[in-house]
Amino acid sequence: EEIGVEHKGIGDVLAQNRLAVPMSQREYSWEAEHVNDLLSDFTNAIANNQATYFLGTIVLTSGEGDIPEVSDGQQRLATSTILLAAIRDYFYRTGDIKRAASIEQTFLRTTDIKTTDTVPKLRLNVDDNEFFTKSVLSSPDSPDRRVEPKKDSHKRIRKASELATQHLEDILTPYKKESMKTDRLIEWVDFIQHGSEVIVLRVPDRLNAFVMFETLNDRGLRASQADLLKNHLLSQAASRIVEGQQKWAHMVGVLESLGQEDVTVTYLHHLLITQHGPTKAREVFDKVKQVVNSQNRALELLDELAEGANDYAALFNSDHKKWNEYGTSTRNHLATINRDLRVLQIRPLMFAV
């Protein structure tokens, strides 16, 4: 019983498997902002002709019979299913029954060869599965679609479906001919199936899955991001690498004195926000590669990192010498933010100011 590793599109994961979310897993939890993030990321990747977009890791364990259980990745699988169902619904409403049936048979539902029952490709946990099956997977003309949400997770599933449907309408609006709309949706289906890539880890039991999940989400993964950023900057510094190393070491020394986990990547993330506006954490490395493409730019950013570290460190410490000229009230306000309110989201704004 070895750990298996596969690299494929998330649509292929749905197409090639029947999957089940175990009872121990939480319900569907993505809010509107998470769904919109995924939809906009897909839109940007397709618009920019990106061959692939990495969605992260999915962990599967041995489940009931030959149906693997989803230990990590439920939200991404469920939301991708909701998006594919919305595309199926569009084809169904426009009379393109064959394409609607193809999407349903490939990604959404299949026939159990033993019982001849129609079963979902993705079965959610006991709290969500019936609502998910009726409101998302069933045919658009089925009376099951009128099921009412009874739980907050049901409302989130319903909202995700509405957002997916609206998003498809938005991306199709510029096209007048139905054939062009069809081509656009086929492009989306192909991207979900092959381009939105995941690493699938198949582990033999729940214990290994838990250890795997904890490891993937541990600080080691964040630390590796810091190493990637450092290597990129120093490689661009080229002949002035020693100078670059000194600046990086100065920054790390200041930040490590704070005793905060993963502070290097967080600091760089916040610095990029102050310079380039809203930037997602997962976009940090790509953004740095985009803006640092020469020796001079690498050293400029390393300078900014070294110089900004002291100001950033002061945001964590109301006793920092930076606040000497600001008076007691500023120190008290900072202490309130850090000690009592524990506000994290405001730190990029404070850093920019």
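This note walks through a predicted model of one protein chain, point by point.

1. **Ground rules.** The model is predicted, so local features need pLDDT of at least 70 and side-chain atom pairs count only at pLDDT 80 or more, while totals for chains, interfaces and linings use all residues. Residues are numbered from 1 along each chain as its sequence is written, and side-chain values use heavy atoms, with hydrogens and water left out.

2. **Overall make-up.** The protein chain has 15 helices and eight strands. These are DSSP runs, numbered from the N terminus: helices are H or I with at least four residues, strands are E with at least two. The C-alpha atoms fill a box of roughly 75 × 45 × 45 Å along the principal axes. Of the 353 residues, 46% count as buried. Buried means under 20% relative accessible area, exposed means over 50%, and partly exposed is in between (1.4 Å probe, protein chains only).

3. **Contacts along the chain.** Take contacts between residues at least 6 apart in sequence: 69% of them join residues at least 24 apart. Contact means heavy atoms within 4.5 Å.

4. **Helix 5 and helix 6.** Two packed helices are described by the angle between their axes and the distance between the axes. Helix 5 covers residues 129–137 and helix 6 covers residues 152–172. Their axes come within 10 Å and cross at roughly 20°. Axes are lines fitted to C-alpha atoms, for helices over the stretch in contact; angles run from 0 to 180 degrees between N-to-C directions. Helix 5 and helix 6 are therefore roughly parallel. The cut-offs are under 35 degrees for roughly parallel, over 145 for roughly antiparallel and 65 to 115 for roughly perpendicular, with the rest oblique. From helix 5, Phe131, Phe132, Ser135 and Val136 make the contact; from helix 6, His154, Ile157, Arg158 and Ser161 do. By class, that is four nonpolar, three polar and one charged residues. Here Ala, Val, Leu, Ile, Met, Phe, Trp, Tyr, Cys and Pro count as nonpolar, Asp, Glu, Lys and Arg as charged, and the others, Gly among them, as polar.

5. **Helix 3 against helix 5.** Helix 5 also has helix 3 (residues 74–93) with its axis within 10 Å, crossing at roughly 30°. That makes helix 3 roughly parallel to helix 5. Ala78, Thr81, Ile82, Ala85 and Arg88 of helix 3 meet Phe132, Val136 and Leu137 of helix 5. This contact divides into six nonpolar, one polar and one charged.

6. **Aromatic pairs.** Rings of Phe, Tyr and Trp (its six-membered ring) pair if their centres lie within 6.5 Å; planes under 30 degrees apart count as stacked, over 60 as edge-to-face and the rest as tilted. The count by this rule is nine aromatic pairs. Tyr267 and Phe351 form a tilted pair, 5.9 Å centre to centre with 50° between the planes. Tyr267 lies in helix 11 (residues 263–276) and Phe351 in helix 15, so the pair ties together parts 84 residues apart in sequence. Both Tyr267 and Phe351 are buried. Phe351 also pairs with Tyr312, edge-to-face, at 5.1 Å centre to centre and 70° between the planes. Tyr312 sits in helix 13 (residues 295–314), 39 residues from Phe351. Tyr312 is buried at 0% relative accessible area, and Phe351 at 14%. Elsewhere, Phe42, Tyr53, Trp188 and Phe191 form one aromatic cluster.

7. **Positive phi.** Most residues other than glycine have a negative phi. Ala238 has a positive phi of about 50°. Ala238 lies in the loop between helix 9 (219–237) and helix 10 (241–256), and is partly exposed at 44% relative accessibility. For Arg342, phi is also positive, near 55°. Arg342 is in the loop between helix 14 (328–341) and helix 15 (347–352). Its relative accessibility is 65%, so Arg342 counts as exposed.

8. **Two residues to look up.** Ser29 is in the loop between strand 2 (19–20) and helix 2 (32–47). Ser29 is buried, at 18%. Not counting residues up to four places away in sequence, Ser29 touches Gln75 and Arg156. Glu2 comes before strand 1 (4–9) and is exposed at 73%. Leaving aside neighbours within four places in sequence, Glu2 is in contact with Arg202 and Pro204.
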